[in-house]
Amino acid sequence: MQKLWGGRFSASADSFAEAFGASITFDKRLAPFDIQGSVAHATMLGRCGIVSQAESEVIVDGLKRVRAKLERGEIEFRLSDEDIHMNIERYLTEEIGSVAGKLHTARSRNDQVATSFHLFMRSSVLDLVEALAEVQRQLVEQAELHGDVILPGYTHLQRAQPVLFAHHLLAYAHMLQRDVERAVSLFGRVNTLPLGAGALAGTTFPIDRKLTAELLGFTAVYENSMDAVSDRDFVLEYLSVASITMMHLSRLCEEIVIWTTGEFGYIELHDSLSTGSSMMPQKKNADFAELVRGKTGRVYGALMSLLTTMKGLPLAYNKDMQEDKEGAFDAVDTLLGSLTVVAAMVRTWKVRADAMRASAAGGFTNATDAADYLAKRGMPFREAHEVVGRLVRLCIEQKKTLLELSLEELKSFSSLFDDDIFEALALETVVSRRTSLGGTGSEAVAVQMRSVKEFLKSSQAWMDKVGPVVRASEGA
């Protein structure tokens, strides 16, 4: 078959070279976005008089028929057509004849593919914000449901101080809040139109790029045509956001894996989100949490791959940039899938409050408060630290907790100890006294809870504002 660019060539590409250079095996995913961009381009050409209004309407109608075939699964993509753009143009030509050739007036595959990719990534950002919000909602719901549950907070994976389980969960909700903020910030740069840049230098036709942007729901256009066709920052930014988000999910999943062990037993995952062993009948494995943890590397790899691809490219378009899509597609799927799984795990897990409390009670997590108790009674904190350290050593030797020591034993270390020390070292007291902003006291946690809920409302308001515009343009 004669290539659309074949006029310059006297010989066709070798079959192995054709297969090596083709992108249709993966960029077929851009088909609906390619059609979306072409409908807007054809509409603009007609309104600007570059093609007749009748021709514009025929082209748009033909593109809509191709889209209908695509939605019905009736499109067969051919390797010989190289990429998604030529495949769609072939089907359009079959629908409306030679007038289909006028669609490519005043554009190049360079600005065409950039536009399709912008449209795909724009949709993906909206999907990401929505999926992040769902995980946040599940974390908040679990925090509310288990508002008085106490577990040990850790440093160096050693029991440190008691905290509310709600406080622990809200830490992840705030991490994801930053991920949402990064995604929303990215959206404006993704929502910038490259179409009209041509191959690299613009076009001699009297196009109206702002009209095309309006038709597609873009809020800005690239101001430099060379930048427009060679920029992949918007993909790199998404992959950066995705990598940070996956890191956050991986941290949570690491805790889920630990919490489900027999040694901890803090939570139990729902059977539908666990797996067993082919040999050991007693096993219940947190495989999906482990998979999210493992898949994080795939997303990191996509970011590093594209950074490496782009680092040495001169202006403007280079074929290297065909390597921008497979990693991005995989990262989008991996991230959204991971968020869905994490939301389901959090929503359905069973919290073992008794195990959490027992661990907090048995790990000297109130030792800091014992030192604070002495410091508030005039003992220098460094000396108080030393006294309580010796008390802990005694407890370890006698297999006791601080609360199991008698007042006489405590006074043998410092006369500053009094009857109220036992109330001061109770887990509820230790937790409730940490009322500083951001602390683990119930009042401080309630403030955090309200903050996350308000953020979820603002995120939803943003989605309600931009989502309909984007989705409407996708169906135009």
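**A strand-to-strand loop and the rest of the chain**

Guide: Leu157 sits in the loop that joins strand 1 (150-155) to strand 2 (158-164); helices and strands here are DSSP runs numbered from the N terminus, a helix being H or I over at least four residues and a strand being E over at least two. The model is a predicted one, in which local features need pLDDT of at least 70 and side-chain atom pairs count only at pLDDT 80 or more, while totals for chains, interfaces and linings use all residues. Residues are numbered from 1 along each chain as its sequence is written, and side-chain values use heavy atoms, with hydrogens and water left out.

Leu157 is not a glycine, yet its phi is positive, at about 60°. Leu157 counts as exposed because its relative accessibility is 55%, and exposed stands for over 50% relative accessible area, buried for under 20%, and partly exposed for what lies in between, with a 1.4 Å probe and protein chains only.

Lys399 makes a second case of this kind. Its phi is near 55°, again positive in a residue other than glycine. Lys399 belongs to the loop between helix 15 and helix 16 (407-411), and with 74% relative accessibility it counts as exposed. A positive phi also occurs at a glycine: Gly378, which follows helix 14, has a value near 105°.

Helix 14 covers residues 367-376, and its buried residues are Ala367, Asp369, Ala370, Ala371, Tyr373 and Leu374. The cover over them includes helix 15 (381-398), helix 17 (421-425) and helix 18 (427-432).

Another backbone feature is the peptide bond from Leu315 to Ala316, which is cis, with omega near 5°. Ala316 is placed in the loop between helix 11 (287-310) and helix 12 (325-348).

Helix 12 also holds Thr334. Thr334 counts as buried because its relative accessibility is 7%. If neighbours within four places in sequence are left aside, Thr334 is in contact with Met246, Lys295, Arg298 and Val299, where contact means heavy atoms within 4.5 Å. Thr334 and Ser250 are 84 residues apart along the chain, and their C-alpha atoms are separated by 12 Å.

Ala143 is buried, with a relative accessible area of 1%. Ala143 and Val445 are 302 residues apart in sequence, while the distance between them, C-alpha to C-alpha, is 9.4 Å. Glu141 lies in helix 6 too. At 45% relative accessibility, Glu141 counts as partly exposed. From Glu141 to Ala166 the separation is 25 residues in sequence and 9.4 Å in space, C-alpha to C-alpha.

Those pairs can be set beside a figure for the whole chain. Of the contacts with a separation of 6 or more, 76% join residues 24 or more positions apart.

As for the overall form, the chain has 19 helices and six strands. Its radius of gyration is 30 Å, whereas a compact globule of 476 residues would have one near 23 Å; the radius is taken over C-alpha atoms, and the globule rule is 2.2 Å times the number of residues to the power 0.38. The C-alpha trace spans about 100 × 50 × 40 Å along its principal axes.

Of the 476 residues, 50% count as buried. The accessible surface amounts to about 22,200 Å², and carbon and sulfur atoms hold 54% of that; accessible areas come from the Shrake-Rupley method with a 1.4 Å probe, and for residues only the protein chains shown count as cover.

On charge, there are 52 positive and 63 negative side chains, with the centres of the two sets 0 Å apart. Lys and Arg count as positive and Asp and Glu as negative, with His and the chain ends not counted; each charge is placed at NZ of Lys, CZ of Arg, CG of Asp or CD of Glu.

Last, the cysteines. The structure holds zero disulfides, a disulfide being a pair of cysteine sulfur atoms within 2.5 Å. Cys48 is partly exposed, at a relative accessible area of 25%, whereas Cys395 is buried, at 1%.
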